[in-house]
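Dear colleague,

Please find below the structure I wished to pass on to you, with its sequence. My notes on it follow.

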Amino acid sequence: MVFNNFFNIAFFVFGACVGSFLNVVALRLPQKKSFTSGRSHCPHCHKTLNWYELIPVLSFIIQGGKCRTCKKQFSWQYPAVEIATGIIFFLCWRNLSDSAVVLTLSLVLAALLIIIFLIDLRKFLILDAVTLPAGAVALLFSIAMGRSWLEILTGGLVGAGFFLIQFVLSRGKWIGGGDIRLGAVMGLALGWQGLLIALFIAYICGSIIGIFLLATKKMTRKDQLPFGTFLSAATAVMMIYGASITQWFTQQLFL
Ligand SMILES: [Zn+2]
């Protein structure tokens, strides 16, 4: 019990620290800046932040979300990403810890999906620098999960093909090359069954949020939704809860 509680907290804290790093990666990667060199600094006054200003979540709360030097507000998105990453790491630990290899790969894949989520949300970009390594990790994750080669490869092909068809039909207007590669990542990570359910979840959530944003006039018909954001979130959900969600779906279809 005590042992279990320790790990629950440890995985959340570890996730929050990784989330803090993912914030930096998602910010600097589209600008082609290095994210391993150069200390974090205030986006307003550019003062380099001290170690105690960089503690995930806690620094934000203690400083009231403000820079200690210039008193300007930091975005709420930073602690939100740290908390979300903490929760996702905790859920991976709770659901995928039967094998240390599966758990490790799920954490790496989750981190890459969070980067895809953030960059598409802010910049409408799905970068090869993230999807290509994600594809390799997705393949290893599926192998470690014991999926058959047929299931994995069919998943990758159906995922890429689904977006490739839309790419060709729209002559590249609805869909970019990044979506095709993200589709392949989803299929490789989840197998073809999991892929179909993840696409279903992403489209349902995308439609609901799209209609909500149109209705509240936060978005016009000309705006696009960052679809990679929905796809990566649905992939993470299926990576963690795939077994029970797939079971639920097959019961609905066959009973
Ligand atoms: Zn400042």
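A crossing of two helices is called left-handed if the near helix is turned anticlockwise from the far one by less than a right angle, and right-handed if clockwise. Please bear in mind that this is a predicted model.

By that definition, the crossing of α5 and α7 is left-handed. The axes of α5 (residues 128–144) and α7 (residues 177–215) come within 7 Å and cross at roughly 15°. Because angles under 35 degrees count as roughly parallel, α5 is roughly parallel to α7. On the α5 side, the contact is formed by D128, T131, A134, G135, A138, L139, F141 and S142; their partners in α7 are G178, R181, L182, A184, V185, L188, A189 and G191. Nine of the residues in this contact are nonpolar, five are polar and two are charged.

Helix α3 covers residues 77–95, 19 residues in total. From first C-alpha to last it reaches 26 Å, close to the expected 27 Å. Its buried residues are P79, V81, E82, T85, G86, I88, F89, F90, L91, C92 and W93.

Two loop residues also deserve a remark. Most residues other than glycine have a negative phi. F124, in the loop between α4 (100–123) and α5, has a positive phi of about 55° although it is not a glycine. F124 is partly exposed, with 15 other C-beta atoms within 10 Å. R171, in the loop between α6 (149–169) and α7, likewise is not a glycine and has a positive phi, of about 50°. R171 is exposed, with 8 other C-beta atoms within 10 Å.

With kind regards

Note on methods: Residues numbered from 1 in each chain as written. Predicted model: local features only at pLDDT ≥ 70, side-chain atom pairs only at ≥ 80, totals over all residues. Helix = DSSP H or I, 4+ residues; strand = E, 2+ residues; numbered from the N terminus. Expected span 1.5 Å × (residues − 1). Buried ≥ 20, exposed ≤ 12 C-beta atoms within 10 Å, placed from the backbone. Axes fitted to C-alpha atoms, helices over the stretch in contact; angles between N-to-C directions. Parallel < 35°, antiparallel > 145°, perpendicular 65-115°, else oblique. Contact = placed C-beta atoms within 7 Å. Nonpolar A, V, L, I, M, F, W, Y, C, P; charged D, E, K, R; others polar.
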